[in-house]
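Hi everyone, thanks for coming. I'd like to walk you through one structure today, so please have a look at the screen.

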Amino acid sequence: MSDRILVLVRHGQSEWNLKNLFTGWRDPDLTEQGVAEAKRAGALLKAEGLTFDVAFTSLLSRAQRTLSLVLGEMGQEGVETMASQALNERDYGDLSGLNKDDARAKWGEEQVHVWRRSYDIPPPGGESLRDTVARTLPYYNQEILPRVLRGETTIVTAHGNSLRALIMVLEKLSPEGIMKREVLTGVPMVYRMRADSTVEDRRDLAV
């Protein structure tokens, strides 16, 4: 195995996840369960014997707090950390802050399903997953991937859809495939990569 390691972690459960609200770029905090998920992720990564050289996260507090809790659990609070809007969650536009059931009542279940699960159809005023990929992938290629390929063990804590943008490339998934890919809160995904940036091995760490 190589030592080119990239770890992806979706933030722990947020207050709006719990309330079944579209969150997007809104900034709710973690729930107690979300805090526990983040700490558990840190414990799992510590048990793997990983030591991080660099960390990346979004500008949203639920991802930043998850990273802080993960690193704190590992005793690695001093890791170099960079935050970027490029790693923010998909912007849900006019859906942001709405209960998902209320959105279905307003626009119809089929239309909301299209906005949530199509690759390239955005909700009103928001982003499609294709739009999210278009802002996330260049940042990954320019800032994150070079660090991994230099042998720096790297962690990214972000969001379901910004992580899907990275997973799509790492796992060579089609637009249809990535929309079906579940990204669970607080479950570390560990990728070991070759020098040409292809994935040699991937494991999800779970209790």
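Predicted model: local features only at pLDDT ≥ 70, side-chain atom pairs only at ≥ 80, totals over all residues.

Let's take the overall dimensions. The C-alpha atoms fill a box of roughly 50 × 35 × 30 Å along the principal axes. A compact globule with 207 residues would have a radius of gyration near 17 Å, and the protein has 17 Å, so the two agree. Buried residues account for 53% of the 207 residues. As for contacts between residues at least 6 apart in sequence, 74% of them join residues at least 24 apart.

The accessible surface is about 9,200 Å², and carbon and sulfur atoms own 46% of that. There are 27 positive and 30 negative side chains, with the centres of the two sets 2 Å apart.

The next pair is Phe56 with Tyr139. Here the centres are 6.1 Å apart and the planes stand at 85 degrees, so we call the pair edge-to-face. Phe56 belongs to strand 2 (residues 54-57) and Tyr139 to helix 6 (residues 129-149), which makes this a link between distant parts of the chain, 83 residues apart. Both Phe56 and Tyr139 are buried.

Staying with helix 6, please find Leu129. Is Leu129 buried or exposed? Its relative accessibility is 0%, so Leu129 counts as buried. Beyond its neighbours within four places in sequence, Leu129 is in contact with Arg90, Tyr119, Asn161, Arg164, Ile178 and Met179. Take Asn161 from that list: Leu129 and Asn161 are 32 residues apart in sequence, yet their C-alpha atoms are 6.9 Å apart.

Arg164 turns up again when we move to Arg181. Arg181 is in the loop between helix 8 (175-179) and strand 5 (189-193). With a relative accessible area of 12%, Arg181 is under the 20% cut-off and therefore buried. Not counting residues up to four places away in sequence, Arg181 touches Arg164, Ile167, Glu171, Leu173, Met189, Tyr191 and Arg202.

Last stop: where does Asp3 lie? Asp3 is in the segment before strand 1 (5-10). Its relative accessible area is 51%, so Asp3 is exposed, since the cut-off is over 50%. Asp3 touches Gly151 and Thr153, again leaving out residues up to four places away in sequence. Asp3 and Val148 are 145 residues apart in sequence, and from C-alpha to C-alpha they are 8.9 Å apart in space.

That's my tour, and I'm happy to take questions.

Terms used. Residues numbered from 1 in each chain as written. Heavy atoms only, no water. Rg over C-alpha atoms; globule rule 2.2 N^0.38 Å. Buried < 20%, exposed > 50% of the residue type's maximum accessible area, 1.4 Å probe, protein only. Contact = heavy atoms within 4.5 Å. Areas by Shrake-Rupley, 256 points an atom, 1.4 Å probe, with all protein chains shown as cover. Lys, Arg positive; Asp, Glu negative; His and termini not counted. Charge placed at Lys NZ, Arg CZ, Asp CG, Glu CD. Helix = DSSP H or I, 4+ residues; strand = E, 2+ residues; numbered from the N terminus. Phe/Tyr/Trp six-rings, centres within 6.5 Å; stacked < 30°, edge-to-face > 60°.
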